[in-house]
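Open the model in your viewer and keep the selection panel handy. We will go from stop to stop, and at each one you will hear what to select and what is there.

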Amino acid sequence: MVAEKKQPRADQGVYGISVVSDLVGVGEQTLRLYERRGLVEPERTEGGTRRYSRDDVDRLRRIGELVDDGVNLAGVGRVLALEEDNAALQQKLKSARKRAAASTRDEAAAE
């Protein structure tokens with residue numbers, strides 16, 4: 001029997017800083033700066049080593065896009081917060097529409 005390979009969750013910190021530096025294309029000092037500015041929060045091992053997740057890598061790529069477009073780090077933080085708020089609102093809207101559609105179907109079936 002072949003053991004099934006277990007994939008890490010998207011939010012599970014598995015990548016070291018040097019790997020993420022290569023994946024994202026920025027220096028390790030830049031990654032540390034982004035962390036100090038609160039733009040990314042990698043997990044830490046008991047020994048204090050940073051461990052980045054796939055979600056962190058995606059976020060860092062988005063940060064890089066914004067910086068390349070000329071947005072300063074304070075602006076990057078604000079843009080990311082607004083994007084997160086927008087995603088949450090979109091999810092709430094989707095749920096509300098599903099509830100409304102279900103309610104309409106239930107009312108029509110009762111008639």
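Before the first selection, a word on burial: a residue is buried under 20% relative accessible area, exposed over 50%, and partly exposed in between (1.4 Å probe, protein chains only). Helices (H or I, at least four residues) and strands (E, at least two) are DSSP runs, numbered from the N terminus. This is a predicted model, in which local features need pLDDT of at least 70 and side-chain atom pairs count only at pLDDT 80 or more, while totals for chains, interfaces and linings use all residues. Residues are numbered from 1 along each chain as its sequence is written, and side-chain values use heavy atoms, with hydrogens and water left out.

**Stop 1: helix 4**

Select residues 73-110, which make up helix 4. The expected span of a helix is 1.5 Å times one less than its number of residues; for the 38 residues here that gives 56 Å, and the end C-alpha atoms are 56 Å apart, so the two agree. Now colour Leu73, Gly75, Val76 and Leu80, which are buried in helix 4. The buried residues of this helix pack against helix 2 (28-36) and helix 3 (54-68).

Step back to asparagine 72, which caps the N-terminal end of helix 4. One of its side-chain oxygens lies 3.2 Å from the backbone nitrogen of alanine 74, a polar contact (a pair of N or O atoms within 3.5 Å; within protein, one must be able to donate a hydrogen and the other to accept it, and residues adjacent in sequence count only if both atoms are side-chain atoms).

**Stop 2: the crossing with helix 3**

To see the contact (heavy atoms within 4.5 Å), show Arg59, Arg62, Ile63, Leu66 and Val67 of helix 3 with Leu73, Val76, Val79, Leu80, Glu83 and Glu84 of helix 4.

**Stop 3: serine 53**

Where does serine 53 sit? Look in the loop between strand 2 (50-51) and helix 3. Serine 53 counts as buried because its relative accessibility is 3%. Its side chain reaches the backbone nitrogen of aspartate 55 at 3.3 Å. Leaving aside neighbours within four places in sequence, serine 53 is in contact with Ala10, Asp11, Gln12, Gly13, Val14 and Tyr15.

**Stop 4: serine 18**

Finish at serine 18, in helix 1 (residues 17-24). With a relative accessible area of 40%, serine 18 is partly exposed.
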